[in-house]
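Here's a quick briefing to read with the model open in your viewer. Have a look at it first, then go through the notes by topic.

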Amino acid sequence: MEDAERALLRSTVEDAIADASASTDDRAAVDEALVRIGWREMLCAEPRDAIEIVFGALGRTNATATVLDDVLAAGLGAQPRPDLAVLLPWFAGWGPPGSLDGDRVHLRGIASVRAATAAELLVVCAAGVELRTVTVPRTVADVGAVYGVDPDGGLRLVRGEVPAADAVPLATATWDAAVACGRRAVARQIAGADRAMLDLARAHALDRVQFGRPVAGFQAVRHRLADSLVAVEALEASVCAAWDESSPDTAAVAKAIAGRTNRTVTAHCQQVLAGIGFTTDHPFHRYLKRTMALEGVFGSADEIVVDVGRRLVAARSVPTLIEL
Amino acid sequence: MTTPSPAALLDADRVTIAEYRAALQAWLDEHHAELAPRYSPPGTLDEHVAQMQRVKSLLFDAGWMRYGWPERVGGLGGSPMLRTELGASIAARDLTDPGLYSLIEVLAPTLIEFSPPALAAKVVPRLLSGAEMWCQGFSEPGTGSDLSSLACQARPDGDAATASAWIINGQKVWTSLAQYADRCVLLTRTGPPDSRHRGITAFFVDMDSPGISVAPLEMINGMREFAEVFFDEVVVPADRMLGELHGGWAVAMSILPYERSSCFWQRIAYLYRRLQLLVDIAPDDDRTAEVVGDAFVQLHALRARSRATQHRLADGATLGAETSIDKLLVATAEQSIYDAARRLLPGVVEMDDGVIGATWRSEYLYSRAATIYGGTAEVQRNIIARRLLDLGDDG
């Protein structure tokens, strides 16, 4: 895709999300708007551009959509469709969300709002050392749902047990690649949210007058915002690198960097926003809560960091994952 | 007839970075014994400098050192990323100290851009081949972060427009390797004392000129890497002026893109190597996993950022204030790695006088300067706030 084409697509996506978010409270509105402008076709034809642009825009706008289900479905070899939801790994982890136990499937994962209306829920299950996919009726996803810090985001924890339908073998590499793709998508969404929080804090710093001048003039405030920008830029470069040199490792590390960056950005921006950032009158809280939830999707920074560290120490080897 | 080295078989204008890297790695493997340091770590500064010049000489003779440099200064042409790859490859193998080696990237492009072509053609190959050492005379006792306040004076011998020579008086400080240097890229005050960046001129000065004296300073790790340099009525021919009269600020600023791109890529390679050395000896436990994982993730973020910067430079972008981001990331990652070493090797950095302890200690202490040299972390944050975040002037 050419740069000009990409820029056009970006503004089309952002306009569609903005219109859909403004016009209705319907949770499916943004999904429907994205489908109308060709999201599923883009996802198949140009997955990188589609995911980068759509998830970046979701991050910046804090809109709620369930396109992550499509990313996972495509990654697992299923045709993305609005009535197919995919169960994501349990909060902070990245193992398969299901486990096969005889003729029963134990479910333990995160489901998007799509799971509330979709016909079917696709679940990747561990079966011993192998993987299977099973498709179960979505109704199980409503059992014992926990919405947590960000109910507007539509992610909920799902636990349950259902009879095993036809289980189809799944290559571990396919699951790893699907998780990697999901990680790149979520990392991009977090990067978009981080940018938005930094913009909010910057605007506030320029606007808010104390001691006779905008607080943006105080070095302590400036340095917090500068450190936030440094972190966000490094995250964005890491996400790009995870596409350029696509592998489970570059995606895992990008997701960990997203978590670390988010911690830096939310702390600095909330401090700069001070009192108003502590209220629900200001939009900051929505980004904070959304990214708190996203931190747990496909592995938290802490879990990934320890896992990566263990593997480096076990191999006694420190690879450079990306080259010039 | 001698066998052509692998380097001579590559077409500098067509070779990809990956092909160059593969051929280079094979050559470095093959010539490991010749290239390896002759001293046992940590080594003295004399040994480090001798090692670097020897490695440069071998690389120049084999052709590797000439890729990415223009033909008019003895290079073979091709993308500057080739020489970035070379610097990183030898840093990753601990063949040279990247801090010393990076002076090439800091100084040679300056000569190529600002000196009379005949001078560059004569001296740049001598720098690349290890026949000469150069230093950079920028900072002064009263001029740290605020470079444009420098005072070291150059006055024309006669009228400024027609003078055949300039006479220099003043002092520089933190001049790395001055005691080894054959030449110095020197910033001087040629305008009125308060003329700031408008009254600075750069010269290429022979360090054996009468009136120059060098007093090495002992750093916190005991090495004497940098020095005070005194200029007492030092006569410099007018044709050694770099760039325009009063145009020294442009010369100084031209260094930034290289210092913040290729030099950083080389330092990053060195830092990966440091983390590898730590992983080689750290205990296999949960704390190591967490500390190493954290350092690795931080290094990767820096590498991703720097990689993007190298590509932007190669694509013709003009690098500017945004490289302050690279600078902060590199400084933070460097200190994190040595902090990790202290945590995972308790007592080694502090109380071990063996090879491992002495090396980690020396490097740990040196790493504390990462947030100070090349523009302090605070100055970088000020630049980011004003130039990138557009927060206006600070109070």
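**Domains and ground rules**

Chain B splits into domain 1 (7-132), domain 2 (135-247) and domain 3 (260-388), with bounds that come from an automatic or database domain assignment. Bear in mind that this is a predicted model, in which local features need pLDDT of at least 70, side-chain atom pairs count only at pLDDT 80 or more, and totals for chains, interfaces and linings use all residues. Residues are numbered from 1 along each chain as its sequence is written, while chains are lettered from A and ligands numbered from 1 in the order in which they are written.

**Confidence**

- The predictor gives the complex an ipTM of 0.96 and a pTM of 0.96.
- In chain B the average pLDDT (the predictor's confidence in each residue, from 0 to 100) is 95, and 98% of the residues score at least 70.

**Domains of chain B**

- The centres of domain 1 and domain 2 of chain B, taken over C-alpha atoms, are 26 Å apart.
- Between these two, 13 residues of domain 1 of chain B are in contact with 15 residues of domain 2 of chain B; contact means that the C-beta atoms, placed from the backbone, lie within 7 Å.
- On the domain 1 side of that contact in chain B, α3 (45-61) and α6 (103-114) each supply at least two residues, and α6(B) gives the most, with 6 residues. Helices here are DSSP runs of H or I with at least four residues, strands are runs of E with at least two, and both are numbered from the N terminus.
- By class, this domain 1 side in chain B has 10 nonpolar, 2 polar and 1 charged residues. For these classes, Ala, Val, Leu, Ile, Met, Phe, Trp, Tyr, Cys and Pro count as nonpolar, Asp, Glu, Lys and Arg as charged, and the others, Gly among them, as polar.

**Chain A overall**

- Chain A has 10 helices and 10 strands, and is divided into domain 1 (1-68), domain 2 (82-170) and domain 3 (173-315).
- For domain 1 and domain 2 of chain A, the centres are separated by 25 Å over C-alpha atoms.
- Here 5 residues of domain 1 of chain A are in contact with 7 residues of domain 2 of chain A, and the domain 1 side has 1 nonpolar, 2 polar and 2 charged residues.
- Chain A has a radius of gyration of 20 Å, which agrees with the value near 20 Å for a compact globule of 324 residues. That radius is taken over C-alpha atoms, and the globule rule is 2.2 Å times the number of residues to the power 0.38.
- Along the principal axes, the C-alpha atoms of chain A fill a box of roughly 70 × 55 × 40 Å.
- Of the 324 residues of chain A, 53% count as buried, where buried means 20 or more other C-beta atoms within 10 Å of a residue's own, exposed means 12 or fewer, and partly exposed lies in between.
- Among the contacts in chain A with a separation of 6 or more, 72% link residues 24 or more positions apart.

**An enclosed helix in chain A**

- Helix α5 (residues 67-75) of chain A is largely enclosed by the rest of the structure, because 9 of its 9 residues are buried.
- The buried residues of α5(A) include D69(A) and D70(A), as well as V71(A) and L72(A).
- The cover over the buried residues of α5(A) includes α2 (29-36), α3 (39-45), α4 (47-61), β1 (84-86), β5 (120-127) and α6 of chain A.
- Just after α5(A), G77(A) takes a positive phi of about 90°.

**Core and interface**

- The largest nonpolar core has 222 residues, and V54(A) and L225(A) touch the most other members. Such a core is a set of buried Ala, Val, Leu, Ile, Met, Phe, Trp, Tyr and Cys residues joined through C-beta atoms within 7 Å.
- Helix α6 (residues 172-207) of chain A gives the most to this core, with 17 residues.
- Leaving aside neighbours within four places in sequence, the contacts of L225(A) include L198(A) and V272(A), along with A385(B), L389(B) and L391(B).
- The contact between the chains takes 39 residues from chain A and 40 residues from chain B.
- On the chain A side, α7(A) gives the largest share, 15 residues, and the classes are 25 nonpolar, 6 polar and 8 charged residues.
- A289(B), found in helix α10 (residues 286-314) of chain B, counts as buried because it has 21 C-beta neighbours inside 10 Å.
- Apart from neighbours within four places in sequence, A289(B) is in contact with V306(A), G309(A), R310(A) and V313(A).
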